[in-house]
Amino acid sequence: MHRPSRRSLFLLTGAAVAGAAGALVPARAAYTPDDSFIRLRRQWRDVSAGSGQNANARSGQYDPGVQPYRDRLAALGRAATRHRDTMAPSPASLWPDQVFPSHVATPRRLRTMAHAYALTGDDSLAAAVAVGIDHYRRHVYAAGADQVGNWWHWQIGMPKALLDAAVLIGLDGPGNAALRDAVDHFVPERLLGRYDGNSTGANRVDLCVVMLLRAMLGSDYGKADLAVSALAPVFRFVGEGDGFYRDGSFIQHTYVPYQGSYGVSLLSGLATLFAALRGTPWQVADRFVFDMVERSFAPFVRDGFVMDLVRGRAISRQPNGDHDKGRELAASILLLGDAAPAAQRARWQAMVKGWAVRNTYRPMLEHAEPAFHARLSAIMKDDGVPAAPEPVGHRLLPMSARAVHRTPGWCAALSMASHRVGHYEHGNRENPRGWHTGSGMLYWWADGHGDQYSDAFWATADPYRLPGTTVSTLRLPDGAGTAWGDTRTPWRWVGGATDGVYAVTGQHLSGLESTMEAFKSWFFLDDAVVCLGAGITARDGVAVETIVDNRRTGAALTVEPGWAHIEGHGGYVVPEGLRTLRESRAGGGVTRDYVTLWLDHGVDPRAASYAYLLLPGASREGTRARAADPGVRVLANTARLQAVHVPALGLTAAAFWNAGTAGDLTASAPCAVLVRDGALTVADPRCDLDELIVAWRGERYTFGPLAGREGASITVPLA
């Protein structure tokens, strides 16, 4: 069967570029003949632009003459042609609709054109890219120019896009040298000399990518060596600041859990580097990041989307950003899998296949880039690769004040603030009303709820009534608190204890820019989350509320004495005082329906409290029955101690805010304790105990020192 040529697939016209290209027209064989850099540039092209060859789909290669690649590549070609044909260089712009400095759009358009060139070989596109790079360099990104505005644009965003485009077209001559000089001005080698400031975590990986591209452009061995060696700090655990922690936390901007945004960028950059450097003198050997895939990233993915509690200010961006980031993460994991040991690669493929199978709200294949589409399609068609189910169990990450609880049929996730983690992050005019996302926000998803916090949730939800939070209703200005996540509380007791199946998690909470203080605990069980609050105090002159839930739904709401139920979602056992509201809320050009349930603690409460059960996925009849027999005994609910006993599970758990006794359980100091199934689990959320003594039914157990264990849980058998 005849297949159209790759060039015809893009519907390119080959029209001339405005202005003379002169010596800037790239020469394909202009590089110094060196096998190492020849291979590196070829592999970079394959990873960056896609190889488009009829080969192994598992490696991201695909036939450009078959669907859906044909249509998607044609769309890329049309975009590149449009950019080429509308280019009109002037002192103020390269395109009339993108006035300089145009930090993002102009470099990205040039990169789009270069990607199209790499797949078609159309010289007119390459010539246009060369003209555009030189014009942008002379008017914006010039050696000696002042770095105005956000540093990221000058050190990462612009050079990454410009260098990628230059390498793909084989930029030669004066244009090559001038771009190298500009990059050396804004990204000097000293930026990779120390692991601090803006050169940490995901930013460090991006800077290494920039340095490697710069090395490719000039066949510079020294810069290539530096680009790879400077990755070393990313491949080790940190004890503070940016990077990976032993519990699986990933922090960026010093105070923000960020697996779902900066972390995705980090993993994408590393996957690209592993692939592009394979078989070269700079091949990456460190396998640290392989373990982080399952320890740090996978816990925050459900059915293919990344949970918002690890996305920082990015939650305020596109309406379905959680699903888009999940797709990017899956693509990076499959690409990284090419370099991983066989056993890990097999687990990752099964995991990603499971995500794709269950993501019916925003199917991965429908929105996948060609290389990822090829990899994922091959796995989906391979009966030898099982679709891994959602895991079960509890993951508690005390260093980032986050927890994820999974049981068959539903999942919950908890976002808290502490002395090391901010209430929320705002910056660059993004997420100015995320004030209370760290005030104990309890996300939850039952089957079929993959869009609950997508679909314009953040644009339309009441920011004072986020589910699970306890907040002062004091009105806050947009961007309240210090930018970039430094909105921490003074309290160290934030965390809990888990045996890997069940958990007690607690938060000593201070309100953001308010006088409110509260002690909040959550006990994660098989079919419920027990939610306790105590010591709720404020002097703001306004009411304080605890938000039982705020569901984005128009489903039927049933409210009876002692319980409530939302059809198709779940139930709530609330002994007294529950208030409800149905409303439609507008934002971002759309309107969404909400059901809100909350407890009003009154104006300036003194030691108010609450206790309720969340029953994700429960039926109305099941909720009514649970209200009649909750199956949970609250042993204590004060500012000194919160504890429960669940007879059916043989479980007793407590958040000891101070030393004390709850039923058969006694602790000598503030701690979290869980007793179940012949085992005792403890943790020191404050990370400052030299010794902890816990007594259970008269038997004493001594632990210590705990100060260096980063709040990790310790489990020992009962005597």
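Reply: Strand β10, residues 410-416, pairs with β11 in the antiparallel sense, and seven bridges hold this pairing. Strands here (E, at least two residues) and helices (H or I, at least four) are DSSP runs numbered from the N terminus, and two strands pair if DSSP finds at least two bridges between them.

The model is predicted, so local features need pLDDT of at least 70 and side-chain atom pairs count only at pLDDT 80 or more, whereas totals for chains, interfaces and linings use all residues. Residues are numbered from 1 along each chain as its sequence is written, and side-chain values use heavy atoms, with hydrogens and water left out.

The pair belongs to an open sheet of four strands, in the order β8-β9-β10-β11, with antiparallel pairing. At its edges stand β8 (393-397) and β11 (439-446); each has a single partner strand, so one side of each is left without a neighbour in the sheet. On average, neighbouring strands of this sheet are turned by 10° against each other, direction ignored. Such angles lie between axes fitted as lines to C-alpha atoms, for helices over the stretch in contact, and run from 0 to 180 degrees between N-to-C directions.

Other strands form hairpins. Strand β18 (residues 557-560) is joined to β19 by four bridges, and the two run antiparallel. Thr558 stands opposite His565 in β19. Two residues lie between β18 and β19 in their hairpin, and Gly562 in the turn has a positive phi of about 90°. The chain also pairs β19 with strand β20 (residues 570-573), again antiparallel and through four bridges. Here Ile566 stands opposite Gly570 in β20. The hairpin of β19 and β20 has three residues between the strands, and Gly568 takes a positive phi near 80°. Strand β19 (residues 563-566) is covered on both faces, with Trp563 and His565 buried on one side and Ala564 and Ile566 buried on the other. Buried means under 20% relative accessible area, exposed means over 50%, and partly exposed lies in between (1.4 Å probe, protein chains only).

Strand β21 (residues 578-587) runs antiparallel to β22, with 10 bridges joining them. Glu583 has Tyr594 in β22 as its bridge partner. In this hairpin of β21 and β22, two residues lie between the strands, and Gly588 takes a positive phi near 65°.

Where does His601 lie? It is found in strand β22, which covers residues 590-603. His601 is buried, with a relative accessible area of 14%. Its side chain makes a polar contact of 2.7 Å with the side chain of Thr546. A polar contact is a pair of N or O atoms within 3.5 Å; within protein, one must be able to donate a hydrogen and the other to accept it, and residues adjacent in sequence count only if both atoms are side-chain atoms.

Val544, in strand β17 (residues 543-551), is buried at 0% relative accessibility. Leaving aside neighbours within four places in sequence, its contacts (heavy atoms within 4.5 Å) include His601, Leu599 and Pro605. The C-alpha atoms of Val544 and Arg582 are 20 Å apart, although 38 residues separate them along the chain.

Val634 belongs to strand β24, residues 633-637. This valine is partly exposed, at 39% relative accessible area. Not counting residues up to four places away in sequence, Val634 touches Leu532, Ala643 and Val644.

Helix α12 (residues 321-337) has 17 residues and reaches 24 Å from its first C-alpha to its last, close to the expected 24 Å; the expected span is 1.5 Å times one less than the number of residues. Of the 17 residues of α12, 15 are buried, so the helix is largely enclosed by the rest of the structure. Helix α4 (residues 105-120) has 12 of its 16 residues buried and is therefore also largely enclosed. Just after α4, Gly121 takes a positive phi of about 75°.

Finally, the whole chain comes to 16 helices and 33 strands. Its radius of gyration is 28 Å, close to the 27 Å that the globule rule gives for 719 residues, so the chain is as compact as a globular protein of that length. This radius is taken over C-alpha atoms, and the globule rule is 2.2 Å times the number of residues to the power 0.38. Buried residues make up 59% of the 719 residues.
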